[in-house]
Amino acid sequence: MTPYSTTTTGGAPTPSTPTSPESMGLEIPKTITTSGQSPSVQESGQTIIRSTEEAAYSSAPESLKSTSSSPISTKATYPQATYPPGGMSQNSLYISYASQTVAGCNLYANLPLWMQISGKGNIWFYEWYPSGSLDTNYAGNVYYPGWYKRWFYADVPGWHILQYYCNGWSNYAYIYVNGPSYWVDPSPSPSPMPYPYPYPYPYYYSYDDGPMIYTYSYPSSSQGQPYNPYE
């Protein structure tokens, strides 16, 4: 079992050790969650964005939406949320659309996160990486209860566990990131910097394949270009 860290920085509240995907019996999602959205220039500069319940539910695939004209009036059955010890909280966290709490995506994908916050106060965001390391971010001050949005960036393959705190803990949300492990550092050092990217732009990485070395530049959709270092 992965030893999950609970060490925080910057005065963030100390979380409980999250429930691991393995102990919950979560399988790697067969369906890859995709989003037609991507962070706008304005959104990419914000750690948290004011939103609405309608926006959170209307992001669901058509097959899961209500047949009613309002996506809020009737809500389909979604995976049961998992909460930290102490019972349920009034704060909720969903992936891509409400009320999804478990999802899969590809490496370097962007997924919207939806937060239903019950009160005002400082908000702290937590992300446990596959290695068990904890990345803690201060996301600002919430002055009004309601719905908010944030972006997740899939930077490391494996299970990511997400949670936030705002005068109470949210449920856990689980995202499995698909991707070859040699593309990224398997033991990342969490960065306190917010979205958009934990690496300088562009980020270069390479791997050795016998006599050939393949070098990639992220972000880029192009294939790696081989060269022979002995020529």
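Author: A residue counts as buried when its relative accessible area is under 20%. The model discussed here is predicted.

Reader: What percentage of the residues of the protein count as buried?

Author: The cut-off of under 20% relative accessible area is applied to each residue. The protein has 231 residues, and the share of them that count as buried is 46%.

Reader: How many helices and how many strands are there in the protein?

Author: Both kinds of element are present in the predicted model. The protein contains three helices, and its strands number twelve.

Reader: Is Cys-105 buried or exposed?

Author: The relative accessible area of Cys-105 is 0%. Buried means under 20%. Cys-105 is therefore classed as buried.

Reader: How many disulfides does the count come to?

Author: A disulfide is a covalent bond between the sulfur atoms of two cysteines. In the model, a pair of cysteine sulfur atoms has to lie within 2.5 Å to be counted. By this rule the number of disulfides is zero.

Reader: How many residues of strand β3 are buried?

Author: Strand β3 covers residues 102-106 and is mostly covered. Of its five residues, the number that are buried is four.

Reader: Which residue in β9 does Gly-104 stand opposite?

Author: Strand β9 spans residues 173-178, and β3 pairs with β9 in the parallel sense. Five bridges make up this pairing. The residue of β9 opposite Gly-104 is Tyr-176.

Reader: Which strands stand at the edges of the open sheet of four strands?

Author: The order of strands in this open sheet is β1-β7-β4-β2, with antiparallel pairing. Two of these strands, at 49-50 and 92-95, each have a single partner strand, so one side of each is left without a neighbour in the sheet. The edge strands are therefore β1 and β2.

Reader: Which residue in β7 stands opposite Leu-113?

Author: Strand β4 (residues 110-117) and strand β7 (residues 146-153) run antiparallel. Eight bridges join them. The residue in β7 that stands opposite Leu-113 is Arg-150.

Reader: Where is Ser-96 found, and with which residues is Ser-96 in contact, leaving aside neighbours within four places in sequence?

Author: Ser-96 lies in the loop between β2 and β3. With a relative accessible area of 5%, Ser-96 is buried. Once neighbours within four places in sequence are left aside, the residues in contact with Ser-96 are Thr-33, Ser-59, Leu-111, Pro-112 and Trp-114.

Notes. Residues are numbered from 1 along each chain as its sequence is written. This is a predicted model: local features need pLDDT of at least 70, side-chain atom pairs count only at pLDDT 80 or more; totals for chains, interfaces and linings use all residues. Side-chain values use heavy atoms; hydrogens and water are left out. Buried means under 20% relative accessible area, exposed over 50%, partly exposed in between (1.4 Å probe, protein chains only). Helices (H or I, at least four residues) and strands (E, at least two) are DSSP runs, numbered from the N terminus. Two strands pair if DSSP finds at least two bridges between them. Contact means heavy atoms within 4.5 Å.
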